[in-house]
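Visitor: I would like to learn how to read a model like this one. Please take me through it feature by feature.

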Amino acid sequence: MYKNQEGYPDPTAGAAYSAIRREERQQEADRLAAISALIPVMKGAAELAGFEVVGRITLKDKTTGKEYK
């Protein structure tokens, strides 16, 4: 349970914080699913062009700035 600065239980704030964290975790899961679908497409495009991906592919989310390696 979430507690306020004085140490008392604050279920309203705790519920709100939990909802925000749940939404953030869902958005991150959606991003990871998109990346999981994108990497094979990128490797396939390189293969069709006669190339092979030999290193890590690093992607950066334009909205959050987070890099995925």
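Visitor: What do the buried residues of α1 pack against?

Guide: Some ground rules come first. This is a predicted model, in which local features need pLDDT of at least 70 and side-chain atom pairs count only at pLDDT 80 or more, while totals for chains, interfaces and linings use all residues. Residues are numbered from 1 along each chain as its sequence is written, and side-chain values use heavy atoms, with hydrogens and water left out. Helices (H or I, at least four residues) and strands (E, at least two) are DSSP runs, numbered from the N terminus. Buried means under 20% relative accessible area, exposed over 50%, and partly exposed in between, with a 1.4 Å probe and protein chains only. In this model the buried residues of α1 pack against β1 (59-60) and β2 (67-68). Those buried residues are Gly14, Glu28, Ile35, Ile39 and Ala46.

Visitor: How many residues does helix α1 have, and what span does it reach?

Guide: The expected span of a helix is 1.5 Å times one less than its number of residues. Helix α1 covers residues 11-48, which is 38 residues, and reaches 56 Å from first to last C-alpha, close to the 56 Å expected. Just after α1, Gly50 has a positive phi of about 90°.

Visitor: Which residues make up the largest nonpolar core?

Guide: In soluble globular proteins, nonpolar side chains tend to be buried together. A nonpolar core is a set of buried Ala, Val, Leu, Ile, Met, Phe, Trp, Tyr and Cys residues joined through side-chain atoms within 4.5 Å. The largest one here has five members: Ile35, Ile39, Ile57, Leu59 and Tyr68. Contact means heavy atoms within 4.5 Å. Setting aside residues up to four places away in sequence, Ile57 touches Ile39, Met42, Lys43, Tyr68 and Lys69.

Visitor: Which residues form a nonpolar patch on the surface?

Guide: Patches are made of residues with over 30% relative accessible area and no salt bridge; like charges are joined within 9 Å, and nonpolar side chains (Val, Leu, Ile, Met, Phe, Trp, Tyr) within 5 Å. Leu38, Val41 and Met42 form such a patch, with about 230 Å² of accessible area together. The areas come from the Shrake-Rupley method with a 1.4 Å probe, and for residues only the protein chains shown count as cover. Leu38 lies in helix α1 and counts as partly exposed because its relative accessibility is 36%.

Visitor: How many salt bridges are there?

Guide: A salt bridge is a side-chain nitrogen of Lys or Arg within 4 Å of a carboxyl oxygen of Asp or Glu. By this rule the count is four. One of them joins Glu24 to Arg21, with the closest N and O atoms 2.6 Å apart. The two are three residues apart in helix α1, so about one helical turn separates them.

Visitor: Which residues are linked in a network of salt bridges?

Guide: Glu28, Arg31, Asp61 and Lys66 are linked in this way. Arg31 and Asp61 meet at 2.8 Å, N to O. Because Arg31 lies in helix α1 and Asp61 in the loop between β1 and β2, the pair ties together parts that are 30 residues apart in sequence. Lys66 bridges to Glu28 at 3.2 Å between the closest N and O atoms. Lys66 lies in the loop between β1 and β2 and Glu28 in helix α1, so this pair ties together parts that are 38 residues apart.

Visitor: Is Asp61 buried or exposed?

Guide: Asp61 counts as buried, because its relative accessibility is 16%. Leaving aside neighbours within four places in sequence, Asp61 is in contact with Arg31, Lys66 and Tyr68.
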